[in-house]
Amino acid sequence: MPDSYNDIKMNKKYAYVIFKIVDHNGKALSAIGVDRTSCSSGQQDQEEQDKAYQEFLDYLRDTEEKRECCYALFDYGYTQENSTWKSSIIFFSWSPENAIIKQKMLYAASVKDFLAKLQGIDKSIQANSLDDVAESTVKAKCLKTSRAT
């Protein structure tokens with residue numbers, strides 16, 4: 001897991017990384033692994049980001065249909081009010097309302113320990129519906145807390 005985190009944060013290798021708990025056996029944190037990475041690299045321009053974010057949303061839509069949860073990191077770039085470009089690493093805890101209860105409980109119980117391993121996360125979003133991860137919602141949250149430099 002640390003390699004994939006560095007790949008998104010430091011190396012800008014991916015726009016997003018999705019993590020799943022694969023086999024908890026009472027030790028949920030040790031069993032969190034990478035499930036998928038983006039096809040594109042980190043933010044190079046708005047078109048690349050739009051493509052990556054749509055791919056990310058499609059993945060979440062698929063997990064919602066399968067009634068599954070996941071964690072995700074997204075290297076989200078946006079234009080601040082002063083027209084400067086800013087990139088933020090956003091952590092998503094995806095637990096759709098229709099997810100299997102046991103899985104929702106497992107992800108909720110593991111999130112704190114998992115986040116503790118990820119130093120330097122800019123924002124964290126608990127998402128239970130596609131409205132919670134709509135790009136307009138995410139951008140608004142980023143703009144609300146951004147500081148122009």
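Which residue in β3 does Ile18 stand opposite? It's Ala72. Keep in mind that this is a predicted model.

That pair belongs to a bigger picture. Strand β1 (residues 16-21) and strand β3 (residues 70-79) run antiparallel, with four bridges joining them. Zoom out and you get an open sheet of five strands, ordered β2-β1-β3-β4-β5, with mixed pairing. β2 (32-37) and β5 (123-127) sit at the edges with a single partner strand each, so one side of each has no neighbour in the sheet. On average, neighbouring strands here are turned by 30° against each other, direction ignored.

Now for the helices on the sheet. Here's how two of them sit:

| Helix | Residues | Strands touched | Angle to β3 |
|---|---|---|---|
| α4 | residues 135-145 | β3, β4 and β5 | about 65° |

Quite a few of its side chains are tucked away: Gln49, Ala52, Tyr53, Glu55, Phe56, Leu57, Tyr59, Leu60 and Thr63 are buried. What covers the buried residues of α2? The cover includes β1, β2, β3 and β4 from the sheet, along with helix α4.

Just past the end of α2, look at Arg67, which takes a positive phi of about 65°.

How values were computed:
Residues numbered from 1 in each chain as written. Predicted model: local features only at pLDDT ≥ 70, side-chain atom pairs only at ≥ 80, totals over all residues. Heavy atoms only, no water. Pairing = 2+ DSSP bridges. Helix = DSSP H or I, 4+ residues; strand = E, 2+ residues; numbered from the N terminus. Axes fitted to C-alpha atoms, helices over the stretch in contact; angles between N-to-C directions. Contact = heavy atoms within 4.5 Å. Buried < 20%, exposed > 50% of the residue type's maximum accessible area, 1.4 Å probe, protein only.
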